[in-house]
Amino acid sequence: MLVALGAAFSFGMSGPWARGLIDAGWSPGAAVTARIWTAALVLLVPTLIALRGRWRVVRRGAGMIAAYGLLAVAGAQLFYFQAVAVMDVGIALLVEYTAPIAVIGWLWARRGERPSKRSMLGAVIAFAGLVLMLDILTGATVSGVGILWALGAMVGAATYFVLSGRGDTGLPPIALAGLGLLVGAAGLTIAGAVGILPMAWSTHDVAYRFGTVPWFVPVLAIGLLATALAYVLGITSTRMLGSRLSSFVALAEVGAALLFGWIMLGQLPDPLQAVGGVLVLAGVIVVKLGEPAAAAFVEPVPEHPIDTEPPIDTEPPIDTEPTASHTG
């Protein structure tokens, strides 16, 4: 849980850092492309070190890595920015953050992992809190095309949680993050080159609440802390907690974004958003309380042999005197 919350807070600081760049003349596409490339280059050497002797695993999982980079990294970012270009940010975020519900549906349909009633209740509570946190009850406009783009971002986010939770790939978390970011960065660059993603940047200083900094400071911060670190922590925590629970803990990213928005930009959340944050936290707790049955179903192999085999080895009289055993 601590690692997952660390990932959520790391992801959450990306918005305020990026907002400073955008106010300084950067387009959203240029900001996110610089973010992904910075993170990919930072993780390149650790990725190569982690993959020593495992290149066969990379070839075997090439399709999954491509899907992760194009959908979970580039697709989620590109579709989200396309959505906010034609509709209110709050509505776009709300649609994208229905990803946990999509993860529940996928695990149920694909793997037969039916969520408990408590998990479903937690989903409803967290979703209600998200509506309040995003402050969309004040007359936001809705675009049909924008909803479709936001749904694409939701698919990308859900893909991130499902693929990050796969522990059978043989890829270390840092390697999956590094390879996925490289693929995503290449995809965003191609999208910018063909004109799908507008690219504009500036070398002017960037202003924040705490002062003015050179342009490369937010670029490095968003690449190192809000992307490289965030993806490594996110993949690690998802493998530890599972896709379903991790996707709900990730809702804390919205609260983190509001907190960093206040610290860095002076954007103070209103009381209704604070209530929403409490509801999201309560929903995550309820989902966590509904997880033990699912966890026992997912990981039966490493637990049962440890519990059941020692008695057979340490009590041979049970095997040699079955009649006495049954009578007793």
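Helix α11 buries a series of residues in this predicted model: Ala 175, Leu 176, Ala 177, Gly 178, Leu 179, Gly 180, Leu 181, Gly 184, Ala 185, Leu 188, Ala 191 and Gly 192. The helix comprises 21 residues, 173-193, and covers 30 Å between its first and last C-alpha atoms, close to the 30 Å expected at 1.5 Å a residue. Gly 195 follows α11 and has a positive phi, near 95°.

**The chain as a whole**

- The protein chain contains 19 helices and two strands.
- Buried residues make up 46% of the 328 residues in the protein chain.
- Among contacts in the protein chain with a separation of 6 or more, 88% join residues 24 or more positions apart.
- The protein chain exposes about 16,000 Å², and carbon and sulfur atoms contribute 69% of that area.

**Annotated transmembrane regions**

- An unreviewed UniProt entry assigns the feature "transmembrane region" to residues 30-51, 63-83, 89-109, 121-140, 146-163, 175-201, 213-233 and 245-265.
- In the model, residues 213-233 are 86% helix and 5% strand, and the end C-alpha atoms of this span lie 27 Å apart.
- Residues 245-265 are 90% helix and 0% strand, with end C-alpha atoms 31 Å apart.

**Aromatic pairs**

- The structure holds twelve aromatic pairs.
- One of them is formed by Phe 9 and Phe 260, an edge-to-face pair with 6.5 Å from centre to centre and 75° between the planes.
- Because Phe 9 belongs to helix α1 (residues 2-12) and Phe 260 to helix α14 (residues 252-265), this pair ties together parts that are 251 residues apart in sequence.
- Phe 9 is partly exposed, at a relative accessible area of 35%, whereas Phe 260 is buried, at 17%.
- Tyr 160 and Tyr 231 also form an edge-to-face aromatic pair, with 5.7 Å from centre to centre and 90° between the planes.
- Tyr 160 is located in helix α10 (residues 144-164) and Tyr 231 in helix α12 (residues 216-241), so the pair ties together parts that are 71 residues apart in sequence.
- Tyr 160 counts as buried, with 8% relative accessibility, and Tyr 231 is likewise buried, with a relative accessible area of 3%.
- Tyr 160 and Tyr 231 belong to one aromatic cluster that also includes Phe 11, Tyr 68 and Phe 161.

**Helix α1 and its cover**

- In α1, the buried residues are Ala 4, Ala 7, Ala 8, Ser 10, Phe 11 and Gly 12.
- Phe 11, one of these buried residues, is also a member of the aromatic cluster.
- The cover over the buried residues of α1 includes α2 (14-23), α3 (28-42), α10, α12, α13 (243-249) and α14.

**Trp 17 and its surroundings**

- Trp 17 is part of helix α2 and is buried, with a relative accessible area of 11%.
- Apart from neighbours within four places in sequence, Trp 17 has contacts with Tyr 208, Phe 210, Pro 218, Ala 221, Ile 222 and Met 264.
- Trp 17 and Ala 207 are separated by 190 residues in sequence, while their C-alpha atoms are 10.0 Å apart in space.

Technical notes
Residues numbered from 1 in each chain as written. Predicted model: local features only at pLDDT ≥ 70, side-chain atom pairs only at ≥ 80, totals over all residues. Heavy atoms only, no water. UniProt positions renumbered as here; feature names shortened; annotations may be inferred. Helix = DSSP H or I, 4+ residues; strand = E, 2+ residues; numbered from the N terminus. Buried < 20%, exposed > 50% of the residue type's maximum accessible area, 1.4 Å probe, protein only. Contact = heavy atoms within 4.5 Å. Areas by Shrake-Rupley, 256 points an atom, 1.4 Å probe, with all protein chains shown as cover. Expected span 1.5 Å × (residues − 1). Phe/Tyr/Trp six-rings, centres within 6.5 Å; stacked < 30°, edge-to-face > 60°.
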